[in-house]
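Subject: Structure handover

Hello,

Here is the structure I promised you. Please open it alongside this email and follow along.

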Amino acid sequence: MTCCDPPPRSYADFQSFLTAYRKSCALMTAHELGIFKILAKGPKNAGKLCLETGMDISYGTRFLDTLHHLGLLDKQEDMVELSPFSRRFLCEKSEEYQGRSLDFEKRLIESWQQLLATLCRGKRVYGTGKKSPDEYKKALAAYLGAMDDAARIRARELWDRIKPGDYGVILDAGAGSGAFLIEFMGRHPRWKGVFCDLPDVVNRAVSNPVFSPFMDRMDFKAVNFLDDTTCLDVVRADIILCSNLVHCQGFEETEGLLSRLVEALSKQGVLIIHDFLKNHGTRGALYDLHMMLNTYNGRTYTTDELRTMVNLEFHHVLTLPSGSCALFFSNRDSMSEFFV
Ligand SMILES: C[S@@+](CC[C@H](N)C(=O)[O-])C[C@H]1O[C@@H](n2cnc3c(N)ncnc32)[C@H](O)[C@@H]1O
């Protein structure tokens with residue numbers, strides 16, 4: 001069995017490992033300088049852009065040249081402008097804007113700098129201090145914002161592949177920003193939605209205007225899936241989505257959480273686990289370390305581990321275009337009509 005497909009072999013592969021941080025550093029710095037924000041208003045003379053962002057003109061021009069060679073900017077003589085890629089992901093007006101992911105990633109880099117200390121201590125080192133209520137509120141908003149940037153894109157990728165039928169109830173377990181639910185509800189006007197998350201997240205969601213168009217067919221439930229799911233007693237959902245939730249905690253807790261979700265599923269219902277899998281590419285493997293650094297006992301799982309935890313028939317795993325995976329579990333007779 002190979003470690004990943006394709007396994008690294010060449011000196012170029014070694015170089016990629018060694019210098020992977022450089023691209024990220026250039027992107028984050030350009031974002032921090034406000035380059036994409038300024039250029040969203042239109043092309044600009046490179047020297048003027050250096051002055052406006054506080055860069056030294058000579059060094060700054062070299063930096064802009066590099067961003068051009070990386071495909072983040074287009075350049076015509078002395079004028080620079082956003083490239084199609086930047087227009088799509090780095091321009092505030094774009095539906096796929098990733099600004100909150102970029103802001104949040106800055107903190108995540110700090111956590112990765114604690115990898116060695118974390119491995120030696122055998123427990124989380126980064127971000128363990130107590131937060132004031134205000135710090136906690138800000139941290140929660142930043143976390144949910146970054147989740148939302150990614151989820152809006154992955155939600156389209158997932159729901160593009162599903163044909164759920166005309167009506168039913170979908171329960172989103174650990175809904176976060178609600179991006180998956182909103183995308184689903186927008187596509188399927190006769191479905192009802194149940195937004196479930198920890199109380200602080202639900203409190204934010206109920207007053208979020210993004211849910212306004214769906215309020216007449218939505219329910220919000222504050223629930224901790226690690227113990228109390230009594231509020232789900234009456235729900236018999238046709239689809240339960242469990243997106244990026246299983247990686248938040250350890251094996252035993254995840255097993256309990258999944259069994260509680262299966263109880264809330266209708267007989268013909270489908271459980272979808274969407275996450276990074278440990279055995280699916282380098283991203284899933286790295287995500288395991290990411291959870292080690294940033295959670296108390298979170299981790300990623302392999303397909304087989306998740307299969308043993310869910311007491312339903314496993315159908316298949318779908319790899320989404322941006323690299324995460326969706327696993328489908330159901331006891332219904334046929335799943336073929338469930339997929340596009
Ligand atoms: C990584 S976010 C994923 C959000 C969303 N599902 C997505 O894919 O973008 C995990 C979400 O699960 C919620 N969560 C974590 N542990 C939970 C628990 N024990 N009970 C209920 N919700 C939980 C968090 O509050 C957060 O909103």
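**Two domains**

The C-alpha centres of domain 1 and domain 2 lie 36 Å apart. Domain 1 covers 11-89 and domain 2 covers 133-338. These bounds come from an automatic or database domain assignment.

Two notes before you read on. This is a predicted model, where local features need pLDDT of at least 70, side-chain atom pairs count only at pLDDT 80 or more, and totals for chains, interfaces and linings use all residues. Residues are numbered from 1 along each chain as its sequence is written, and side-chain values use heavy atoms, with hydrogens and water left out.

**The three-stranded sheet**

Start with the open sheet of three strands, in the order β1-β3-β2. Its pairing is antiparallel. Strands here are DSSP runs of E with at least two residues, helices are runs of H or I with at least four, and both are numbered from the N terminus. Two strands pair if DSSP finds at least two bridges between them. β1 (44-45) and β2 (73-76) are the edges; each has a single partner strand, so one side of each has no neighbour in the sheet.

Look at β2 and β3 (79-82) next. They pair over four bridges. Leu73 has Leu82 in β3 as its bridge partner. Asp74 stands opposite Glu81.

β1 and β3 pair over two bridges. There, Asn45 has Met79 as its bridge partner.

**The seven-stranded sheet**

Another open sheet has seven strands, in the order β6-β5-β4-β7-β8-β10-β9. Here the pairing is mixed. The edge strands are β6 (218-222) and β9 (314-319), and each pairs on one side only. From one strand to the next, the twist averages 20 degrees.

β4 (168-173) and β7 (237-243) are parallel, paired over four bridges. Asp172 has Leu241 in β7 as its bridge partner. Helix α11 (251-263) packs on the sheet and touches β4, β7 and β8 (265-275). Contact means heavy atoms within 4.5 Å. The direction of α11 makes about 145 degrees with that of β8. Axes are lines fitted to C-alpha atoms, for helices over the stretch in contact, and angles run from 0 to 180 degrees between N-to-C directions.

**A pocket**

What lines the second largest pocket? It has 17 lining residues, and Asp148, Ser177, Ile182, Asn208 and Val210 lie nearest its centre. (On a 1 Å grid over the protein atoms alone, a pocket is an open set of points where a 1.4 Å probe fits, with protein on both sides within 12 Å along at least five of seven lines; lining residues have an atom within 4 Å of a point.) α8 gives the largest share of the lining, six residues.

Best wishes
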